[in-house]
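Please keep the model open while reading.

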Amino acid sequence: MSQLTKVITIDPIRQVVEEIELNINSLSALHDHIGCRTIDVVCRQTNGDALTVDDEALLSEPQPPAFRFENYPYRIHGIAIVSGCDEEGNSIAPISTLEEISRRVRFLGYVYTKPSMSFISWQ
């Protein structure tokens with residue numbers, strides 16, 4: 001049996017930010033909602049919230065529509081899911097409200113972002 005959790009989704013295709021219920025601890029449910037094969041977690045917030053996005057969106061032709069998320073330096077292409085994280089690393093409902101997330105999103109439409117890679121190393 002799947003456990004549905006209230007999360008926030010950012011959809012730059014329809015240009016809406018809305019609450020939905022999703023089984024966020026199911027990889028296939030995340031893939032289905034975002035419309036992707038692989039995911040990445042970006043924009044980690046101090047309150048434990050983060051955005052789950054399509055890891056290969058920049059490799060799509062054409063790239064899906066994009067948006068900017070306040071205080072995050074990169075464009076995000078495609079649908080994103082905002083969720084939280086508990087002490088054990090499980091996905092939970094976000095602490096941020098729909099209104100807070102909506103204020104932080106700026107839709108960009110169809111723009112091209114050149115794919116690039118960066119590596120971080122600790123010694």
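## Pockets and their surroundings

The lining of the second largest pocket has eight nonpolar, seven polar and two charged residues by class (Ala, Val, Leu, Ile, Met, Phe, Trp, Tyr, Cys and Pro count as nonpolar, Asp, Glu, Lys and Arg as charged, and the others, Gly among them, as polar). This is a predicted model, in which local features need pLDDT of at least 70 and side-chain atom pairs count only at pLDDT 80 or more, while totals for chains, interfaces and linings use all residues. Residues are numbered from 1 along each chain as its sequence is written, and side-chain values use heavy atoms, with hydrogens and water left out.

A pocket here is an open set of points on a 1 Å grid over the protein atoms alone, where a 1.4 Å probe fits and where protein lies on both sides within 12 Å along at least five of seven lines; lining residues have an atom within 4 Å of a point. Grid points are joined across faces, edges and corners, and the volume is the space filled by probe spheres set on the points.

| Pocket | Volume | Lining by class |
|---|---|---|
| Largest pocket | about 830 Å³ | 13 nonpolar, four polar, seven charged residues |
| Second largest pocket | about 200 Å³ | eight nonpolar, seven polar, two charged residues |

The second largest pocket is lined by 17 residues, and Val41, Thr52, Ser83, Gly84 and Ser91 are the closest to its centre. Strands β3, β4 and β7 each supply at least two residues of this lining, and β7 gives the most, with four residues. Strands and helices are DSSP runs numbered from the N terminus: E of at least two residues for strands, H or I of at least four for helices.

For the largest pocket, 24 residues form the lining, and Asp40, Leu58, Tyr72, Tyr74 and Ser116 lie nearest its centre. At least two lining residues come from each of β3, β4 and β6 (76-77).

Tyr72 and Tyr74 also form the one aromatic pair found in a search of the whole structure. Their ring centres are 5.5 Å apart and their planes are at 70°, so the pair is edge-to-face. Rings of Phe, Tyr and Trp (its six-membered ring) pair if their centres lie within 6.5 Å, with planes under 30 degrees apart counted as stacked, over 60 as edge-to-face and the rest as tilted. Tyr72 has 23% relative accessibility and counts as partly exposed, whereas Tyr74, at 52%, counts as exposed. The cut-offs are under 20% relative accessible area for buried, over 50% for exposed, and partly exposed in between (1.4 Å probe, protein chains only).

## Strand β4 and its partners

Is β4 mostly covered or mostly open? Strand β4 (residues 50-54) is mostly covered, as five of its five residues are buried. It runs antiparallel to β3 (residues 39-42), with four bridges joining the two, and Asp40 stands opposite Val53. Strand β7 (residues 80-85) is also antiparallel to β4, through three bridges; there, Thr52 has Ile81 as its bridge partner. Two strands pair if DSSP finds at least two bridges between them.

## Helix α1

Ala29, Leu30, His31 and Ile34 are buried in helix α1 (residues 27-34). The cover over the buried residues of α1 includes β2, β3, β4 and β7, by contacts, meaning heavy atoms within 4.5 Å. Just after the helix, Gly35 takes a positive phi of about 85°.

## Loops and backbone

Two residues other than glycine have positive phi. Gln15, in the loop between β1 (5-11) and β2 (16-22), has phi near 55°; at 46% relative accessibility, Gln15 counts as partly exposed. Cys43, in the loop between β3 and β4, has a phi of about 55°, but Cys43 is buried, with a relative accessible area of 6%.

The peptide bond from Glu61 to Pro62 is cis, with omega near -5°. Pro62 is placed in the loop between β4 and β5 (66-69).

Asn90 lies in the loop between β7 and β8 (91-92) and is partly exposed, at 38% relative accessible area. Beyond its neighbours within four places in sequence, Asn90 contacts Asn25, Gly84 and Cys85. Asn90 and Ser118 are 28 residues apart in sequence and 27 Å apart in space, C-alpha to C-alpha.
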